[in-house]
Amino acid sequence: MRKLIFALVLCMSVGLFATQARAQGFMNEPGSLLAFPLVDNINFSTIINIANTCNTDEVLECYIITHGPGGAIDEKKDFVIEFTGKEAFVWMTTNSYNQRGNQIQGFNGRKGYMFCFMIDDKYSQLEEGGDCFKGDAVLLSPTGSAFSYNAIPHQGLAVVGDRVLNLDGVEYSEATSQVMFEGLAEIPGAIGGTLAVASPGDIDFINSEQPEFDINVYCWNEVETKMSRHLPFKDFAQYDLTKDLQLDINQVFTLGWHCATTATQPLWAVFHQNLAGVFGWGGNVWQQPGTNVAATITLPPVPVQ
């Protein structure tokens, strides 16, 4: 198990710093596009933090894709946030936001994901590069447990203002199709957890289309026994440790385990666990370098004004 953990840390380090991973993007640098794989206001209250690291005034357009309790994705909304130079934005997403000229509705009782990208202004809303933004999310549960993760940045390379976000290594840096995560086996009433996944893979907001695909999950326990799972994906998913991933103590046989995924589409993901609902931990998953794949997000056109 020690060898496996060391390998994961090495892969994460390579993914963060190696120049060959430039097409995939750097997690430790600001970006022109930020992805928040989990905004959960059903089991938690989610706080979104975004900072403009540039000295200039900048504007973000954000899309939040959510569902209500026990349902499928049924709501896709967007909003604009204006920043002055070096300004920070903090939003408790259960509540509406009405400050500094920015007005955003609240999303209490909703769960899903969000992404934001730099635009020229709030009128034409044409995307632009600049790599000015960093962000993170903090999730607080009613029982007192909490965890946080960093927004996934995509650097702008040669951004074209055409209402199409090409995460192809030419316009924006790409996303990975393979993520790795490790944790503790689920023990009923004691240890639980979920893997939340969103994907920028070929989203079409005009025709309301996004491809369905499988996420193949390969796991190993502490004595190197291999187990595989195949998960269906559409729009957004939060996979339970027992029901979906089958990583409870009766099926994984050891307390510790680690997993790696393969997929044909890019993945934005975060993993978290909790101890009896009173202590939580988790955050970003590792991203395997060299497994980046291209994705296209087609945005609706802005009406003539």
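**View 1. E127 sits in the loop between strand 8 and strand 9 (133-140).** Strands here are DSSP runs of E with at least two residues, helices are runs of H or I with at least four residues, and both are numbered from the N terminus. This is a predicted model, where local features need pLDDT of at least 70, side-chain atom pairs count only at pLDDT 80 or more, and totals for chains, interfaces and linings use all residues. Residues are numbered from 1 along each chain as its sequence is written, and side-chain values use heavy atoms, with hydrogens and water left out. E127 is buried, at a relative accessible area of 3%. Buried means under 20% relative accessible area, exposed means over 50%, and partly exposed falls in between (1.4 Å probe, protein chains only). Setting aside residues up to four places away in sequence, E127 touches a list of residues that includes F117, V159, R163, L165 and Y172. A contact means heavy atoms within 4.5 Å. S32 is 95 residues away from E127 in sequence, yet their C-alpha atoms are 9.0 Å apart in space.

**View 2. L165 is one of the residues with the most contacts inside the largest nonpolar core.** A nonpolar core is a set of buried Ala, Val, Leu, Ile, Met, Phe, Trp, Tyr and Cys residues joined through side-chain atoms within 4.5 Å. This core has 55 residues, and F36, I50, W91, M114, F115 and W268 are also among those with the most contacts inside it. Its largest share, 7 residues, comes from strand 8 (residues 111-119). A second, separate core holds 25 residues, including A185, V197, V217 and M227. In soluble globular proteins, nonpolar side chains tend to be buried together. Beyond its neighbours within four places in sequence, L165 is in contact with residues including L33, F115, E127, E171 and I297.

**View 3. A72 lies in the loop between strand 3 (58-67) and strand 4 (75-83).** A72 is exposed, with a relative accessible area of 59%. G112 is 40 residues from A72 in sequence. From C-alpha to C-alpha, A72 and G112 are 9.8 Å apart in space.

**View 4. K86 has a positive phi, near 60°, although it is not a glycine.** K86 is found in the loop between strand 4 and strand 5 (88-92). K86 is exposed, with a relative accessible area of 54%.

**View 5. D235 is a residue other than glycine with a positive phi, near 70°.** Its loop runs between strand 18 (226-233) and strand 19 (236-240). Is D235 buried or exposed? D235 counts as buried, at 15% relative accessibility.

**View 6. The protein chain has 2 helices and 25 strands.** Its radius of gyration is 19 Å, close to the 19 Å that the globule rule gives for 305 residues, so the chain is as compact as a globular protein of that length. That radius is taken over C-alpha atoms, and the rule is 2.2 Å times the number of residues to the power 0.38. The C-alpha trace spans about 60 × 40 × 35 Å along its principal axes. Buried residues make up 54% of the 305 residues. Among contacts between residues at least 6 apart in sequence, 72% join residues at least 24 apart.
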